[in-house]
Amino acid sequence: MNSFIYDIPVKVYFGENQLCHLGEELKKYGKRVLLVYGGGSIKQSGLYDAVIAEIEKTGLEHFELSGIMPNPRIDSVRAGADICKEKNMDVVVAVGGGSTIDAAKWIAAGACVSHDPWEFFSQGATVKQALPVITVLTMAATGSEMNCCGVISNRQTGDKIDRMEPPLLPKASFLDPTVTYSVDRYQTACGSADILSHIIEVYFTPEEDLYMLDCFMEGMMKTVIKYTPIAIAEPENYEARANLMWTSSWAINGFIEGGKQHAWSCHPMEHELSALYDITHGLGLAILTPRWLEYCLDESNVSKYVQFGVNVFDIDPALDPMEIAKNSIDMLSDFLFNTLGLDNTFTKIGIKKDDFPIMAAKACMNGVLPGFKPLAANDIKKIYEMCI
């Protein structure tokens, strides 16, 4: 395995009634706050009022940017960065799920440069600094509350691009499982599919790995499989919501990487789907992941599938290795499509085969995606075709 540095200095306030510490965290960074959020759900739930009360109680001045959409747009980043510059914002607060947090991160970066924020993505412009970001999480899914990654879409160019930059790491994140009680069945399912994909992308590796990290990942996958159906059936089950929320954060805060260098595969493939069709990210990952696993399976890597099947799905280890591998993919599919009730094909969600060649080429940047199994454009196109 490779050597690595692990540094994740995000202060997390986990549990019910932790929002009372929001003001004291904000005060550390200044007096002028930009509040970033999506639609009206945080107002309907009362979370908006609670956040405003904490800001005002501390004597801070706040401005707002609402309307952040799923697959967040560069237009919102531009608007937020402009507000920050015009009003001399000191800190950005994101109240929402991964899309809102991702937008807030790049708003914070855009506020510190003179160029168009899209240049961070189109030209790889350096992120030297960003305004401090504090998050109030409303959905367990992307893990953006505990990492320095942000994904932004540009509807004009048809791109959806992610970047990881240390200055974007949140200073503090508030994770209250009760806030997620109002997340509906569909979004809960999609969020859990996203969490699973974050783990699976790292778990299925061609590199030698730490036994400890494999056990950690297997435990997290079993947690998602156990508690998502409970959260769907009992939306206000605190234990279920808490387990999903904390697993979401640890699935993609860098801990499980353990120095591994291989690229992810399903996320680049899915980004092309949601860039073009604006679908829910977790749904695209749910459809892709079992097909990707099926496409990659061969005698050289079957042992990893056996480990997955035996340790996550409790498949009999005495069975033939290839049988265990195929059963593990079937059981993952059953969980995603039957237990969670997510659509299982591109046809059902309106994705057209005619777009496969261009999406496949963009996913691997006209080269090779060096993941669990290297994938060229033709390989990706075949995986897309398996999803019809």
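Mentor: The structure holds 22 aromatic pairs. It is a predicted model, in which local features need pLDDT of at least 70 and side-chain atom pairs count only at pLDDT 80 or more, while totals for chains, interfaces and linings use all residues. Residues are numbered from 1 along each chain as its sequence is written, and side-chain values use heavy atoms, with hydrogens and water left out.

Trainee: Why is the pair of W250 and F255 called edge-to-face?

Mentor: Rings of Phe, Tyr and Trp (its six-membered ring) pair if their centres lie within 6.5 Å; planes under 30 degrees apart count as stacked, over 60 as edge-to-face and the rest as tilted. The centres of W250 and F255 are 5.5 Å apart and the planes stand at 85°, so the pair is edge-to-face.

Trainee: Why does W250 count as partly exposed?

Mentor: Buried means under 20% relative accessible area, exposed over 50%, and partly exposed in between (1.4 Å probe, protein chains only). W250 has 21% relative accessibility, and therefore counts as partly exposed. F255 is also partly exposed, with a relative accessible area of 21%.

Trainee: What makes K304 lie over the face of Y203?

Mentor: A charge sits over a ring if NZ of Lys or CZ of Arg is within 6 Å of the ring centre and within 35 degrees of the ring normal. K304 lies at 4.3 Å from the ring centre of Y203. Y203 also belongs to an aromatic cluster, with F204 and W292 among its members.
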